[in-house]
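Dear colleague,

Please find below the structure that I promised to hand over, together with its sequence.

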Amino acid sequence: MMMKSIAAGLAGTALFATVAFAQSPTATTDKAPTAATATTTTTTASGQWRTSKMDGLKVYNEANENIGTINDLLMDKSGDIKIAVIGVGGFLGMGEHLVAVPYEKLKFVNEAVASTTTTRPATTTTGAATGTEKTTTTAPAASTTSSTSKWYPDHAVFNASKDELKNMPEFKYAE
């Protein structure tokens, strides 16, 4: 009995599938197409930054001191970014003080931050095993530059100290 039910089910499924495959759409040539044809174009956005890459971007002050990171960008209804939410202090996101600063007050920089620590240039010494002849060459310290082809700036600059940001009113998202 069970085998007859399974066989009948398979035969019915095959019958419906055959009918579905046998139908073909009718072509009408007397009507103009009603929908516009979608075209795909390749565009480049040279000089543009991805907002998704701005989250976590380090913010420095004019003295090249790290004062926080960008946590969010807020825009108005027309799509213009108006506010940058910067996280100050804390450790791994815990205890972080959020402040809202006007977006136009941030300056974005593509070059790496100039180091505030003094670095010694690399020194190489070559000579004979006896030590009678010695040549010393000094190479300049390596400089780091950011690639201009990446989709985000290297860092942002805001003219304030970390303490000044911590003393600003805390930003809270409206519920």
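**What was found**

Among contacts in the protein chain between residues at least 6 apart in sequence, 53% join residues at least 24 apart, where a contact means heavy atoms within 4.5 Å. Please keep in mind that this is a predicted model, in which local features need pLDDT of at least 70 and side-chain atom pairs count only at pLDDT 80 or more, while totals for chains, interfaces and linings use all residues. Residues are numbered from 1 along each chain as its sequence is written, and side-chain values use heavy atoms, with hydrogens and water left out.

As for confidence, the mean pLDDT (the predictor's confidence in each residue, from 0 to 100) of the protein chain is 74, and 56% of its residues reach 70 or more. Over residues 118–147 the pLDDT is below 50, and this stretch has 27 contacts in the model beyond near neighbours in sequence.

The protein chain holds 2 helices and 8 strands, which are DSSP runs numbered from the N terminus (helices are H or I with at least four residues, strands are E with at least two). Read from the N terminus on, the elements run α-β-β-β-β-β-β-β-β-α.

Of the 175 residues in the protein chain, 17% are buried; buried means under 20% relative accessible area, exposed means over 50%, and partly exposed lies in between, with a 1.4 Å probe and protein chains only.

Turning to the aromatic rings, rings of Phe, Tyr and Trp (its six-membered ring) pair if their centres lie within 6.5 Å, and planes under 30 degrees apart count as stacked, over 60 as edge-to-face and the rest as tilted. By this rule the count comes to 2 aromatic pairs. The rings of Tyr 103 and Phe 108 have centres 5.6 Å apart and planes at 40 degrees, so this pair is tilted, and Phe 108 counts as buried because its relative accessibility is 19%. In the pair of Phe 171 and Tyr 173 the centres are 4.9 Å apart and the planes stand at 80 degrees, which means that the pair is edge-to-face. Phe 171 is buried at a relative accessible area of 18%, whereas Tyr 173, at 40% relative accessibility, counts as partly exposed.
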